[in-house]
Amino acid sequence: MRQDDAPPGRAELLALSLPSFVFSGYELARKSYLPVLLSGAAGLDLAQTGLILTIVHGWSILVEVLFGMICDMAPDPRWRRSFWVATGTVLQLLGGAVVWLAPVHDRSVTLWLLGLLPLASGWVLSNLAHGAWALEQASGVPARGRIFGGRAQAGMAGSILFAMVLLWSKHAARGLDDFYVILLLTLIGAPLVHGLLIWRVRERGGGGISPRLDWAGVVKPFQLCIASPADRWLASLFLLVGVHMAVIGSSFLFIARHRLALPEWGTPGILTQSLAAMVGTGIAPGLLRRMPPLRMLGVVFALNLMLALALPLLPVGQVAPLLVWSAGTGATMAVDFMLLRVVLGQRLDRDRLRHGDAPAAAFYAGFHLPLNIGVMLGTTLLFQGMAWTGLSDHGLALTELTCGLAALCLVPALGCVLMLRRALLTEEQPRRIRRVLNSRIFIMIKSFI
């Protein structure tokens, strides 16, 4: 094994994982608490809230696509990841300052976007460069499972910490909105964890990619996610998972408040989800040694489908069923995303074997493109449905809408897993035929001699 192929040590693994710790706070704030803030304290209606969230998601997609190949072609290949991580951190601080300093009440949609768009851009740049960095640090399912399992664990640990801080903040009656509490923590934490990443983790790869910026290369992410039938099925899975994550994440606090009449138990439910997700992502890397990623992914999707169908059955006013459902959802939803990244790593390895140093950032951006489109689509459908049905029926229509959208994603996802498995077997068939043919030729030559 070459030194460059050696799996990262504990210190490197920690430095690779901690950015996900802070990123989970941004995701939690954007998906769960920002919609509540916009439609509540900010005084916007559901249609305006959905518009802001859709524009932010769409902008993130545009930035990620344009940045995907540029990240692989940074001016100095020795710093092609760390440079963009640092750039993204600066954008986060600028956008966060605008969101923090502008008044909440009577703020226009335009003013909200002036802060949210730079904030989202910064996280896209940092997260994409960080994800490409992680893809390059090792090869093989066990090593990648360890890396992305560590990242998932750090993300869940971050969600746990943020939820606990929110509970403490409410208990201490600080008067600061939940979204702003998380925003402050992420703006403090991002420079620290990104600085540790740059300091502790040596960049690998870069030898086969030109350091010169090539603006024509921005189409590379599009090409990668449709390059073969297997890539197209994998991209479809990223899309469906994005819709499912957006629907469940964005509706949870509304369901707890309006349908289940448990407004004070929304954050404890998120805390329960994070704790269960930490357990699930801790177990999953060990299971990968005994079960192929796609088989495990099918099991996880089936469990998610059962939980989605059980959502309308949760009784009103009862805490225990909500927490049990939250634990089940948290334990599975984090694992499916981790497994998709493991499969993505296998596609990167295949490309590296064919072409040398594969563009990891383009792979990461290419396959996260359908994920982000799914998040935008799920958010748009959910809030358009909420604006149409309203919440006057105590959230009954919202619960049914969430259940229907989730099932609409998960049933095709199970089919995509089967089709992806078949496409991968088809890819391997010519290689197997060549191995058998070469073996027979060798036997014939040996017998002749």
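## Nonpolar surface patch

Helix 6 is the main contributor to the nonpolar patch, giving three residues; helices here are DSSP runs of H or I with at least four residues, numbered from the N terminus, and strands are E runs of at least two. The patch covers about 600 Å² and is made by Trp-100, Leu-101, Leu-176, Leu-184, Ile-188 and Leu-192. Two or more of these residues come from each of helix 3 (82-101) and helix 6. Patch members have over 30% relative accessible area and no salt bridge, with nonpolar side chains (Val, Leu, Ile, Met, Phe, Trp, Tyr) joined within 5 Å and like charges within 9 Å. Areas follow the Shrake-Rupley method with a 1.4 Å probe, and for residues only the protein chains shown count as cover.

Leu-101 belongs to helix 3. Leu-101 counts as exposed because its relative accessibility is 68% (buried is under 20% relative accessible area, exposed over 50%, partly exposed in between; 1.4 Å probe, protein chains only).

## Model and fold

This is a predicted model, in which local features need pLDDT of at least 70 and side-chain atom pairs count only at pLDDT 80 or more, while totals for chains, interfaces and linings use all residues. Residues are numbered from 1 along each chain as its sequence is written, and side-chain values use heavy atoms, with hydrogens and water left out.

The chain has 13 helices and zero strands. Of its 449 residues, 56% are buried. In the loop between helix 8 and helix 9 sits Ala-261, which has a positive phi of about 55° although it is not a glycine. Ala-261 is partly exposed, at 48% relative accessibility.

## Largest cavity

Four cavities of 30 Å³ or more are present. A cavity is a set of points on a 1 Å grid over the protein atoms alone where a 1.4 Å probe fits but cannot get out, and lining residues have an atom within 4 Å of a point. Grid points are joined across faces, edges and corners, and a volume is the space filled by probe spheres set on the points.

The largest cavity holds about 950 Å³ of space. Its lining has 41 residues, of which Glu-27, Lys-31, Met-156, Met-245 and Phe-337 are the closest to the centre. Helix 1 gives the most to this lining, with nine residues. By class, the lining of the largest cavity has 21 nonpolar, 14 polar and six charged residues (Ala, Val, Leu, Ile, Met, Phe, Trp, Tyr, Cys and Pro count as nonpolar, Asp, Glu, Lys and Arg as charged, the others, Gly among them, as polar).

## Second largest cavity

The second largest cavity has a volume of about 80 Å³. Its lining includes Tyr-26, Arg-30, Leu-116, Phe-179 and Thr-186. Helix 1, helix 4 and helix 6 (178-200) each give two or more residues to it, and helix 1 gives the most, with four. Nine lining residues are nonpolar, one is polar and one is charged.

## Salt bridges

The count of salt bridges is three, each being a side-chain nitrogen of Lys or Arg within 4 Å of a carboxyl oxygen of Asp or Glu. Arg-347 pairs with Asp-231 at 2.9 Å, N to O. Arg-347 lies in helix 11 and Asp-231 in helix 8, so this pair ties together parts 116 residues apart in sequence. Both Arg-347 and Asp-231 are buried.

Shared partners join Glu-27, Arg-30 and Lys-31 into one network. Glu-27 meets Arg-30 at 3.0 Å, N to O, and Lys-31 meets Glu-27 at 3.0 Å, N to O. Lys-31 and Glu-27 are four residues apart in helix 1, so about one helical turn separates them. Lys-31 is buried at 12% relative accessible area, and Glu-27 is buried at 16%.

Key. 1 Å grid on protein atoms, 1.4 Å probe; cavity = no way out; pocket = protein on both sides within 12 Å on 5 of 7 lines; lining within 4 Å.
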